[in-house]
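Keep the viewer open as you read.

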Amino acid sequence: MPVLKKITTVASVVLLSALTACGSGGGGGGTAPSSGGGTITMGFAQVGAESGWRTANTKSIQDEAKAAGIDLKFSDAQQKQENQIKAIRSYIQQKVSVIAFSPVVETGWDTVLLEAKRANIPVILTDRSIDSDDTSLYKTFLGSDFVEEGRRAGDWLVANTSGPTTVVELQGTTGAAPANDRKKGFEEKIAAKPDIKVVASQTGDFTRSGGKQVMEAFLKSQPKIDVVYAHNDDMGLGAIEAIKAAGKVPGKDIKIITVDAVKDGMTALANGEINFIVECNPLLGKQLMDLAKKVVAGEDVPARVVTEEGTFTQEQAKAALPQRQY
């Protein structure tokens with residue numbers, strides 16, 4: 001079985017500034033305004049509350065802003081890009097010190113981010129990147145390497161299956177960086193084993209209800225399913241409900257691979273209902289506040305900051321659960 005692996009630590013992110021796995025790298029673009037020694041005001045536009053991961057991410061940002069003495073203006077976009085764009089424009093009008101957000105999708109941000117740049121308000125991308133040719137529109141991107149997460153999922157499947165294997169994929173939100181990249185990384189690795197075939201792939205929108213609904217449809221339309229690859233724990237947990245309702249045993253009759261490693265997912269893994277989880281750390285608050293202080297002060301920051309993460313098997317989940325923060 002795979003052992004717990006670590007990827008690049010924040011201490012070495014300067015070496016990874018060229019990394020493009022999660023979208024375009026960050027860039028400069030103008031001098032960041034100084035806080036003048038006063039309170040920093042951050043406008044943060046969150047994706048929504050679609051999963052346990054996102055809830056933990058939001059709490060981390062809110063708690064760490066308070067601890068850092070940063071005045072946080074927070075908005076929930078309810079997974080709609082137009083709501084995020086509206087929130088960012090509101091932050092520009094309020095003349096906040098810095099704007100941070102997790103993009104709902106990768107494309108369609110250039111216009112509003114150019115408005116922020118012209119207002120001399122620095123932007124930090126967190127958790128998800130954007131697809132833009134103009135990397136001067138944001139100062140840095142803090143988050144996971146989603147392609148690598150997909151690769152880790154694919155590596156485990158290649159190492160733990162033999163013979164013809166049919167896979168169904170529960171994708172994240174259409175157009176979102178983690179959905180695009182986790183799919184890409186997974187496909188890259190399973191290509192080495194032609195017996196593994198993805199026979200169906202559909203979005204469950206990163207929600208438990210979406211995962212359940214799509215899995216129910218897969219169980220009806222596919223004569224044979226060996227493995228579920230879910231782009232997050234919540235969709236995997238929804239798939240478990242559908243598999244049980246169909247009279248099958250999750251983790252045995254149908255193997256399940258997910259991404260995130262939130263408590264509910266880790267509990268299912270410890271219980272044998274999920275077989276393998278790739279970690280995606282939601283606790284980005286402290287790193288985000290540290291970066292915000294630096295960009296507001298006009299200091300140079302790495303264009304790409306990669307979070308530290310691992311992977312979990314059943315035994316590793318059992319060991320980690322008692323101290324799990326999210």
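**Charged pairs and helix packing**

E149 and R182 form a salt bridge, with their closest N and O atoms 2.8 Å apart; the term stands for a side-chain nitrogen of Lys or Arg within 4 Å of a carboxyl oxygen of Asp or Glu. This pair links distant parts of the chain, since E149 sits in helix 4 (residues 146-159) and R182 in helix 5 (residues 177-190), 33 residues apart. Helices (H or I, at least four residues) and strands (E, at least two) are DSSP runs, numbered from the N terminus. Both E149 and R182 are buried, where buried means under 20% relative accessible area, exposed over 50% and partly exposed in between (1.4 Å probe, protein chains only).

Before going further, a word on the source: this is a predicted model, in which local features need pLDDT of at least 70 and side-chain atom pairs count only at pLDDT 80 or more, while totals for chains, interfaces and linings use all residues. Residues are numbered from 1 along each chain as its sequence is written, and side-chain values use heavy atoms, with hydrogens and water left out.

The side chains of E169 and K183 meet in a salt bridge at 2.7 Å, N to O. Here E169 belongs to strand 6 (residues 165-171) and K183 to helix 5, 14 residues apart. E169 has 1% relative accessibility, so it counts as buried. Salt bridges that share partners also join E50, R54, D127 and R128 into one network.

Let us look inside that network. R128 pairs with E50, the closest N and O atoms being 3.9 Å apart. R128 lies in the loop between strand 4 (123-126) and strand 5 (140-143), and E50 in the loop between strand 1 (41-46) and helix 1 (52-68), so the pair ties together parts that are 78 residues apart in sequence. R128 and E50 are both buried. How many salt bridges does a search of the whole structure find? The search finds 21.

Now follow the chain into helix 1, where you will find W53. With 4% relative accessibility, W53 counts as buried. Leaving aside residues up to four places away in sequence, W53 touches D127, D234, D260, V262, C280, N281 and P282, contact meaning heavy atoms within 4.5 Å.

Axes are lines fitted to C-alpha atoms, for helices over the stretch in contact, and angles run from 0 to 180 degrees between N-to-C directions.

Finally, turn to helix 6 (residues 208-221) and helix 7 (residues 233-245), which pack at about 45° with their axes 7 Å apart. Helix 6 and helix 7 are therefore oblique to each other. Among the residues of helix 6 in this contact are R208 and M215, and helix 7 contributes residues including D234 and L237.

Key:
Angles under 35 degrees count as roughly parallel, over 145 as roughly antiparallel, 65 to 115 as roughly perpendicular and the rest as oblique.
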